[in-house]
Every structure is written in C-alpha cells, then in structure tokens.
Amino acid sequence: MSQIVNSSITSGVFPDKLKEAIIFPVLKKSSLDHEVMKNYRPVSNIAFMSKVLELAVSTRLSSYLGDHDLREQFQSAYKPSHSTETALLRVKQDILQQIDQKRGVLLVLLDLSAAFDTIDHSILLSRLQTEYGIKETALQWFTSYLTGRSSRVSFHDVHPTCWRYHQTP
C-alpha cells in the first residue's frame, strides 16, 4: 500500500482505477414505498485504496498548511483540536460579547454540506497554486485526482455500464 501511495504522490498521478464510485440507492426509511425514487438516498462506495491515498495526501496537505500558516483563522474542519463544537462555542462567545456591548446580532446560517460538489475545479486548482503555493508534481496530483472521475449505479447487485457518468472539471 505504501508503494502505491508513494508512487502516486511522486508521479503526480491519481490512478484511474481508483476514481470510480459505485452508487447504491438505499431506502431512507424501511417504511417508505420502495417504488418511489425520491425515497432513496445515494450511497457512494469507492475503493479502499482510494481512501488510503486520499488520507495520505490529506495528512501531508494539512501539515503543509499548518507549517506555512496558511489555514483560515476560523476554520474548524480538518484542523487539530477543532470541531463543530469548537466552532459553535466561538459563535456563541461572539454573540454574547456583542450582547454585552449592547450591540445587535444577526446570524445567517448556510448549509454547505454539498459545497464541494459545486466547486469549479479549475478555480480550485488555480487557488491551490496562487494562494497556497501548491505547484509542480503536487498540483499535477490534485489535477489528476479531480479529472476523469466516474460513477455507476448499482441496484440489486446489477452494475449497468450504460449508466456510467464521467465527471471532469
């Protein structure tokens, strides 16, 4: 496994075989009508080795961002000793401080849970390069990771290739 990870990172290539996801429709609740498609949620499975490689790169990227002080100040995700709880405590503290100073408070909440799916990959790659100094082989790796991905739907253990969907940035 380490040989695959190291080879991928040093070559700047995320293997095509690891880019395919198999999507399984899963009934949201057993009491729902199985004939109605909106009662299903998609569960996407990817190869175990893909997750191992993603974790290795994520760990390296996180170290790089920390070492070069490139993390967003108020970021909670993917940051040691930070979580949704610490983010909520920070928001609560800021609100209480404003109330203590007799100031008004307006809180706008957005659900960004699927935000990554809407990001323009070319903009992301450009920002990795210009704002975070990711270049050469590392930038090639992220480009390779984001391009040529595919998925297929499996329903009742049937894997039709005609339902194949390819995503490119």
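# Exposure, contacts and helix ends

Biologist: What makes Asp94 count as partly exposed?

Modeller: In this predicted model, Asp94 has 29% relative accessibility. Buried needs under 20% and exposed needs over 50%, so Asp94 falls in between and counts as partly exposed.

Biologist: Why is the contact of Asp94 with Arg90 called a salt bridge?

Modeller: The N to O distance between the two side chains is 3.1 Å. The limit is 4 Å between a side-chain nitrogen of Lys or Arg and a carboxyl oxygen of Asp or Glu, so the pair of Asp94 and Arg90 qualifies. Both residues are in helix α3, four residues apart, which means a separation of about one helical turn. Arg90 is partly exposed too, with a relative accessible area of 40%.

Biologist: How do you know that α3 has the span expected of a helix?

Modeller: α3 covers residues 84-100, which is 17 residues, and reaches 24 Å from its first C-alpha to its last. The expected span is 1.5 Å times one less than the number of residues, and for α3 that is 24 Å. The computed reach is therefore close to the expected one.

Biologist: What is found at the start of α3, and what follows the helix?

Modeller: At the start, a side-chain oxygen of Ser83 comes within 3.1 Å of the backbone nitrogen of Glu85. The cut-off for a polar contact is 3.5 Å. After the helix comes Lys102, with a positive phi near 60°. Lys102 sits in the loop between α3 and α4 and is not a glycine.

Biologist: Why is Lys102 called exposed?

Modeller: Its relative accessibility is 77%. Exposed means over 50%, so Lys102 counts as exposed. Asp69 has a positive phi as well, about 50°, and is not a glycine. Asp69 lies in the loop between α2 and α3 and is exposed, with a relative accessible area of 69%.

Biologist: How many salt bridges does the structure hold?

Modeller: Five. One of them joins Glu20 to Arg152, with the closest N and O atoms 2.8 Å apart. Glu20 lies in strand β1 and Arg152 in strand β3, so this pair ties together parts that are 132 residues apart in sequence. Glu20 and Arg152 are both buried.

Biologist: What makes Glu131 and Arg127 a salt bridge?

Modeller: Their closest N and O atoms are 3.7 Å apart, and the limit is 4 Å. The pair therefore passes. Glu131 is partly exposed at 47% relative accessible area, and Arg127 is partly exposed at 48%.

Biologist: Why is the pair of Phe14 and Trp141 called edge-to-face?

Modeller: The search of the whole structure finds four aromatic pairs. In this one, the ring centres are 5.5 Å apart and the planes stand at 80°. Centres must lie within 6.5 Å, and planes over 60 degrees apart count as edge-to-face, so the name applies to Phe14 and Trp141. Phe14 is in the loop between α1 and β1 and Trp141 is in helix α5, so the pair ties together parts that are 127 residues apart in sequence. Both residues are buried.

Biologist: Which residues touch the most other members of the largest nonpolar core?

Modeller: The core has 15 residues, and those with the most contacts to other members are Phe14, Leu53, Val57, Leu125, Leu128, Trp141 and Phe142. The elements giving two or more residues to this core are α1, α2, α4 and α5. The largest share, five residues, comes from α5. Leaving aside neighbours within four places in sequence, Leu125 is in contact with Leu139, Phe142, Thr143 and Leu146. Buried residues of α5 include Leu139, Phe142 and Leu146.

Biologist: Why is Asn39 called buried?

Modeller: Asn39 has a relative accessible area of 11%, and buried means under 20%. Asn39 is therefore buried. This residue is in the loop between β1 and β2. A polar atom of the Asn39 side chain lies 2.9 Å from the backbone oxygen of Asp33.

Notes
Residues numbered from 1 in each chain as written. Predicted model: local features only at pLDDT ≥ 70, side-chain atom pairs only at ≥ 80, totals over all residues. Heavy atoms only, no water. Polar contact = N/O pair within 3.5 Å; in protein donor to acceptor, adjacent residues only side chain to side chain. Buried < 20%, exposed > 50% of the residue type's maximum accessible area, 1.4 Å probe, protein only. Core = buried A, V, L, I, M, F, W, Y, C linked by side-chain atoms within 4.5 Å. Contact = heavy atoms within 4.5 Å. Phe/Tyr/Trp six-rings, centres within 6.5 Å; stacked < 30°, edge-to-face > 60°.
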